[in-house]
Every structure is written in structure tokens, then in C-alpha cells.
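Keep the model open while reading.

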Amino acid sequence: MGAKKVKRTFIVLVLSFMIFNLFISMASNSYFLGKVLKNNYFLTVELQNNLKLPQIEEFEKFLLKNNSVKGLRYLDKTEAFRNLQKELEIIIPKSENPLPNSIIVSFNNENDIHVVQELLDVNPNVREIYIDSKFLQSTQMKVSAVNTSLFLFLFFAGSMFFLISTTLRGNIFKDYTMYAIKNSQNPKNYMVARNKNLIPFIVSAIIGNLLFFNIYIILRDKLLILLPNLILQSFKQLFFIEFIAVLIVIVVSWKATAKVKKEEV
């Protein structure tokens, strides 16, 4: 009967670590997706027709000095014209190209748009500034939703951490009680009970990690086939985060049992 309980507890810990890893991966992917979405904050700056290449390069250097500007991409009028034809699915003679040279300016968040816009409004190199308000608003809503999910998944991960820590503590006290009944005079009963649970605890964490990563890799590959535009972190991107998170759980849970010894035993 005792062996069955030990196996059951070990399985509970393995599953708990798997679920903990799941929530950490979802939180990490939410953060990663938020960063990708924030890269979509941009505005298009149409340049004056009389600007030469050295003037454009100087203008780009001027923009990059501003902390609100995250990055630049120069788009000459020929490339912009080709993109327009693809978008409209029509053929227009090159001689009738009405588009100017432009620079796509990206920034970190929606609050920077006003700073960047003020910087450009007074610049003589700028012909016009184009902001896709609908796209910007849509991106802001997505980022807000992703941030909400990030905190939600972190809460669930914290709940699993509490469950893992509580399960470890319960195992130690169960073994300590059994040793105390057999030999109540032994002052090392608690230390023996505690050390007995260390290796199974670490092994359950390792197995939980391995099982989770195998499932994650398989599911990620299948999901990306079904949904090519889906953004998910790779195994390499996720491994370090998961490793650190599980290591923190192991160390903190184990240290917490030493405090219990002084307070409750």
C-alpha cells in the first residue's frame, strides 16, 4: 500500500511539473508574441522628390539618434511601385509612377508615435507622413490581449509551483511521521525524511521536463503545418527559460522545507 502511494505521489509530481512547464511555455510565448507584434508599430515617411541619396542617408542617421525610433527601412519609389502593382493586381507603365521615395519608421510602442510625428512634421525632407490608424489600433488590441494572457499564465504557473511545493512538503512530513513513530528519540528523523525525498523530487522534475518538451516539439511542428502564420517559440528559444523556471521551483521548494522544520517539527 505504501509503495502505491509513493508511485502515485511521484506521478502527481511528474504531471505537476509538466503542467507547470506548459504554463511557463504559454507565458513565454505570450511575451515573445507581444515583442513580435510591437515590431509592427510603424509609420511611413514620404520624402521630398528632390532629395539625393547622401541627403537621405544623413536624414536616416538623424532619425536613428532619436530614442523613440527603433528602426528604419528605406523604400525607393521603384520597389513601392512594384508592391502597389502586386496589391492592386494591375500593370501600370513605369513612366506613370506617382510614388515618392519613402522610409518606414518603426518604434517601440504606441506612445512613441507622437514623439516621432513631432520630429518629422517640422523636417524639410519630409513630404508627408502616413499612419495606418486601423492597423495600429488592431495591433494595440492584440498586444493588450497578449499581455493579459501573459499574466494569466504566470498566475497558473505560480499555482502549480504552490502545488509542487506543497506536495513535496507533504511527502517529507509523511515520512518524518513514520520515522518518528518507529524511533521518536532519533533527532535526525526529519533530516532523513527530507533527504529521502530529494532525489525522487529532482527525478520527477527531469521526467516532467522531458515529457513536456517531447510533446511541445511534436505539437509545435503539427500546428505550424496546419497554421503556417502561427508564431511559436522553438525548442532552443524555450529551453533556457524552462530550465531556469524549473530550477527555481526545485531550489525554492527545497529551501522551504528547511524552514518548515524549524517552525512546525
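A crossing is left-handed if the near helix is turned anticlockwise from the far one by less than a right angle, and right-handed if clockwise. By that rule, the crossing of α5 and α6 is right-handed.

The model is predicted: local features need pLDDT of at least 70, side-chain atom pairs count only at pLDDT 80 or more, and totals for chains, interfaces and linings use all residues. Residues are numbered from 1 along each chain as its sequence is written, and side-chain values use heavy atoms, with hydrogens and water left out.

**Overall layout**

The protein has 7 helices and 4 strands. Helices (H or I, at least four residues) and strands (E, at least two) are DSSP runs, numbered from the N terminus. Their order from the N terminus is α-β-α-β-α-β-α-β-α-α-α. The protein counts 265 residues, and 34% of them are buried. Buried means under 20% relative accessible area, exposed over 50%, and partly exposed in between (1.4 Å probe, protein chains only). Take the contacts between residues at least 6 apart in sequence: 80% join residues at least 24 apart. Contact means heavy atoms within 4.5 Å.

**The α5–α6 packing**

Helix α5 spans residues 133–182 and helix α6 spans residues 189–226. They pack at an angle of about 135 degrees, with axes 8 Å apart. That angle makes α5 oblique to α6. Angles under 35 degrees count as roughly parallel, over 145 as roughly antiparallel, 65 to 115 as roughly perpendicular, and the rest as oblique. Axes are lines fitted to C-alpha atoms, for helices over the stretch in contact, and angles run from 0 to 180 degrees between N-to-C directions.

From α5, the contact residues include Ile164, Leu168, Phe173 and Asp175. From α6, they include Tyr190, Val192, Lys196 and Phe201. By class, the contact has 12 nonpolar, 3 polar and 3 charged residues. Ala, Val, Leu, Ile, Met, Phe, Trp, Tyr, Cys and Pro count as nonpolar, Asp, Glu, Lys and Arg as charged, and the others, Gly among them, as polar.

**Salt bridges**

The whole structure holds 2 salt bridges. A salt bridge is a side-chain nitrogen of Lys or Arg within 4 Å of a carboxyl oxygen of Asp or Glu.

| Pair | N to O distance |
|---|---|
| Lys61 and Glu58 | 3.9 Å |
| Asp175 and Lys196 | 3.7 Å |

Asp175 in helix α5 and Lys196 in helix α6 are 21 residues apart, so this pair links distant parts of the chain. Asp175 is buried, at 8% relative accessible area. Lys196 is partly exposed, at 42%. Lys61 and Glu58 are 3 residues apart in helix α2 (residues 53–64), so about one helical turn separates them.
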